[in-house]
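Here is a short briefing on a protein model. Look over the sequence and structure first, then read on by topic.

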Amino acid sequence: MSSGPVRYLARQALHVVVVLLAVSTLLFFILRLSGDPVAVLAGPQSTPEMREKLRQELGFNDPLGVQYLRFLRGVAVLNFGRSYQFRVPASEQVLQRLPATLQLAGFALLISILIALPIGVLAAVMKGTVWDSGAKIIALLGQSLPGFWLGIVLMGIFAVDLGGFPTS
């Protein structure tokens with residue numbers, strides 16, 4: 001076996017690590033810029049003493065660099081902390097919702113394949129025709145439209161206008 005594929009895989013793995021580190025760093029600091037999480041968690045009726053106690057319990061009294069290193073250490077061992085809303089480990093919340101997420105993603109992939117495969121075959125067979133151009137436009141729209149926006153539009157069409165599905 002040549003070192004070409006191994007070197008390529010190692011480079012791709014390094015890229016994944018760099019991207020994950022960059023995204024997690026960006027996310028960590030953006031969440032810290034959005035305001036005081038302790039004030040939100042404690043609520044408007046909390047006293048300064050209650051907020052200070054909660055800040056100490058959650059480690060928000062530590063310098064930002066220390067909080068970030070603690071966060072990275074947790075991520076490295078797949079400990080994503082506790083859910084502030086539900087007061088349970090965040091990974092528990094993720095794992096609880098994982099089956100539904102995978103089912104939804106699998107169904108979306110199946111629908112995508114069932115739509116894309118016939119359109120792709122049609123475009124290949126009728127190369128250079130209006131069908132080919134239409135397939136290119138559909139592919140471009142499918143790749144460029146944000147999924148959340150497309151989901152809202154499709155809910156509006158199929159659930160509200162046509163009444164075929166429940167909106168929830």
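**Salt bridges, pockets and a nonpolar patch**

Arginine 70 and aspartate 62 form a salt bridge, with their closest N and O atoms 2.1 Å apart. The model is predicted. The count of salt bridges comes to 4.

**Salt bridges**

- Arginine 70 counts as partly exposed because its relative accessibility is 31%.
- Another salt bridge joins lysine 53 to glutamate 57, where the closest N and O atoms are 3.3 Å apart.
- Helix 3 holds both lysine 53 and glutamate 57, which sit 4 residues apart, about one turn of the helix.
- Lysine 53 and glutamate 57 are both exposed.
- Aspartate 132 pairs with lysine 136 in a salt bridge, and their closest N and O atoms are 3.7 Å apart.
- Aspartate 132 and lysine 136 both belong to helix 6 and are 4 residues apart, about one turn of the helix.
- Aspartate 132 is buried, because its relative accessible area of 9% falls under the 20% cut-off.
- Lysine 136 is exposed, because its relative accessible area of 55% is over the 50% cut-off.

**Largest pocket**

- The largest pocket holds about 990 Å³ of space.
- It is lined by 30 residues, and Arg32, Phe80, Gly81, Arg82 and Tyr84 are the closest to its centre.
- Two or more lining residues come from each of helix 1 (3–33), helix 2 (37–42), helix 3 (48–58), helix 4 (64–76) and helix 5.
- Helix 4 gives the most to the lining of the largest pocket, with 5 residues.
- The lining of the largest pocket has 14 nonpolar, 10 polar and 6 charged residues.
- Arginine 32 lies in helix 1.
- Arginine 32 counts as partly exposed because its relative accessibility is 27%.

**Second largest pocket**

- The second largest pocket has a volume of about 720 Å³.
- Its lining has 17 residues, with Ile111, Ser112, Ile115, Leu150 and Leu154 nearest the centre.
- Helix 5, helix 6 and helix 7 (147–161) each give two or more residues to the lining of the second largest pocket.
- Helix 5 gives the most to this lining, with 9 residues.
- By class, the lining of the second largest pocket has 14 nonpolar residues, 3 polar and no charged.

**Nonpolar surface patch**

- Leu109, Ile113, Leu117, Val121, Leu122, Val125, Met126, Val130 and Trp131 make a nonpolar surface patch of about 900 Å².
- At least two patch residues come from each of helix 5 (90–125) and helix 6 (130–144).
- Helix 5 supplies the largest share of the nonpolar patch, 6 residues.
- Leucine 117 lies in helix 5.
- Leucine 117 counts as exposed because its relative accessibility is 56%.

- Arginine 32 is among the residues closest to the centre of the largest pocket, and isoleucine 113 is one of the residues of the nonpolar patch.
- How far apart are arginine 32 and isoleucine 113 in sequence and in space?
- Arginine 32 and isoleucine 113 are 81 residues apart in sequence, and their C-alpha atoms are 40 Å apart in space.

Note on methods: Residues are numbered from 1 along each chain as its sequence is written. This is a predicted model: local features need pLDDT of at least 70, side-chain atom pairs count only at pLDDT 80 or more; totals for chains, interfaces and linings use all residues. Side-chain values use heavy atoms; hydrogens and water are left out. Patches are made of residues with over 30% relative accessible area and no salt bridge: like charges are joined within 9 Å, nonpolar side chains (Val, Leu, Ile, Met, Phe, Trp, Tyr) within 5 Å. Accessible areas come from the Shrake-Rupley method with a 1.4 Å probe; for residues, only the protein chains shown count as cover. A salt bridge is a side-chain nitrogen of Lys or Arg within 4 Å of a carboxyl oxygen of Asp or Glu. Buried means under 20% relative accessible area, exposed over 50%, partly exposed in between (1.4 Å probe, protein chains only). On a 1 Å grid over the protein atoms alone, a cavity is a set of points where a 1.4 Å probe fits but cannot get out, and a pocket is an open set with protein on both sides within 12 Å along at least five of seven lines; lining residues have an atom within 4 Å of a point. Grid points are joined across faces, edges and corners, and a volume is the space filled by probe spheres set on the points. Ala, Val, Leu, Ile, Met, Phe, Trp, Tyr, Cys and Pro count as nonpolar, Asp, Glu, Lys and Arg as charged, and the others, Gly among them, as polar.
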